[in-house]
Amino acid sequence: EGGRRLRSDEAGRAEILMTLETVQKQVLLGHFGDILSYPDEGLWEHVRAAETAVLAPHPEAGVLLANFLLAIKNMTLERVEEVYTSIFDLNATHHPYIGYQIFGETYRRSVFLVELKEHYRNHSFTAPDNELADRLSLMLKFVSLCGDEELVADIVQFGFAPSLAKMTREKEPTVQEPEQKEYNAYSNVLRALQIVLDVELPPAKLFPVLNNAGGNVNVR
């Protein structure tokens, strides 16, 4: 009986630690959501908070965030806004929309957006009226607050992982997309986020989002 109780106590402690780790990661993803939102006066504080949180579990990510902070620390807010817009709004490779990165401008993305909004409603998450539901920063904030671990895992594996892989991929310059001459400071944030998510890119045939969008099956 003592042995059974001991194993039960150990299982309980493991579950508590796992839950704590999940909560800590969700809080961290919330910081990334703030960092990847349109810049405001709180950006520097969010970067420092994320850097502090990742140093122990993910030192490589901490270095990347430190690099980002170094790149922007002497910039005015207006200059950071210009950098942000040039990287995310004027460069198709880095469009910060998960549905766009996975599906492009297709009907499947429309279905994906509808289903995301449904998940937001089901979990009492309020998204800004002037923002598309699949914006990376917005989805990160949703994931940071969502209590449905299965849904969060699906979004991370089948939404964030493939999208970030495309956004951080090294590409050969072309006539349409010449080599970017300006240093992309935000690439540090995207790569740090990949490290924190710590998820392998699944084979395309396993993507429920890709295989089912446009049909009658939920994103999950």
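Buried means under 20% relative accessible area, exposed means over 50%, and partly exposed lies in between (1.4 Å probe, protein chains only). This is a predicted model, in which local features need pLDDT of at least 70 and side-chain atom pairs count only at pLDDT 80 or more, while totals for chains, interfaces and linings use all residues. Residues are numbered from 1 along each chain as its sequence is written, and side-chain values use heavy atoms, with hydrogens and water left out.

**View 1**
Helices (H or I, at least four residues) and strands (E, at least two) are DSSP runs, numbered from the N terminus. From that end, the elements run α-α-α-α-α-α-α-α-α-α. Of the 220 residues, 44% count as buried. Contact means heavy atoms within 4.5 Å. Among contacts between residues at least 6 apart in sequence, 68% join residues at least 24 apart.

**View 2. Arg135 sits in the loop between α6 (107–122) and α7 (136–145).**
Arg135 counts as buried because its relative accessibility is 7%. A polar contact is a pair of N or O atoms within 3.5 Å; within protein, one must be able to donate a hydrogen and the other to accept it, and residues adjacent in sequence count only if both atoms are side-chain atoms. The side chain of Arg135 makes such a contact with the side chain of Tyr84, at 2.8 Å. With neighbours within four places in sequence left aside, Arg135 is in contact with Tyr84, Asp89, Pro96 and Tyr97.

**View 3. Asp134 also belongs to the loop between α6 and α7.**
Its relative accessibility is 0%, so Asp134 counts as buried. A polar atom of the Asp134 side chain lies 3.0 Å from the backbone nitrogen of Gly99. Apart from neighbours within four places in sequence, the contacts of Asp134 include Pro96, Tyr97, Ile98, Gly99 and Tyr100. Arg109, Phe112, Leu113, Leu116 and Met139 are also among the residues in contact with Asp134.

**View 4. His94 is found in the loop between α4 (77–89) and α5 (98–103).**
His94 is buried because its relative accessible area is 9%. A polar atom of the His94 side chain lies 3.1 Å from the backbone oxygen of Met167. His94 and Met167 are 73 residues apart along the chain, and their C-alpha atoms are separated by 5.2 Å.

**View 5. Helices α2 (residues 43–54) and α3 (residues 59–72) pack at an angle of about 160°, with their axes 8 Å apart.**
That makes α2 roughly antiparallel to α3. Angles under 35 degrees count as roughly parallel, over 145 as roughly antiparallel, 65 to 115 as roughly perpendicular and the rest as oblique. Axes are lines fitted to C-alpha atoms, for helices over the stretch in contact, and angles run from 0 to 180 degrees between N-to-C directions. α2 passes α3 in a left-handed crossing; a crossing is left-handed if the near helix is turned anticlockwise from the far one by less than a right angle, and right-handed if clockwise. On the α2 side, the residues that meet α3 are Leu43, Trp44, Val47, Arg48, Ala50, Glu51 and Val54. On the α3 side, they are Pro59, Ala61, Gly62, Leu65, Ala66, Phe68, Leu69 and Ile72. The residues of this contact divide into 12 nonpolar, one polar and two charged. Ala, Val, Leu, Ile, Met, Phe, Trp, Tyr, Cys and Pro count as nonpolar, Asp, Glu, Lys and Arg as charged, and the others, Gly among them, as polar.

**View 6. The axes of α6 and α7 come within 12 Å and cross at roughly 35°.**
The crossing of α6 and α7 is left-handed. From α6, Phe112, Leu116, His119 and Tyr120 meet Leu138, Met139 and Phe142 of α7. The residues of this contact divide into six nonpolar, one polar and no charged.

**View 7. Val143 has its place in helix α7.**
α7 is mostly covered, with eight of its 10 residues buried. Those buried residues are Leu136, Ser137, Leu138, Met139, Leu140, Phe142, Val143 and Ser144. Val143 counts as buried because its relative accessibility is 0%. Beyond neighbours within four places in sequence, Val143 is in contact with Gln26, Leu29, Val152, Ile155 and Phe160. Val143 and Lys25 are 118 residues apart in sequence and 9.9 Å apart in space, C-alpha to C-alpha.
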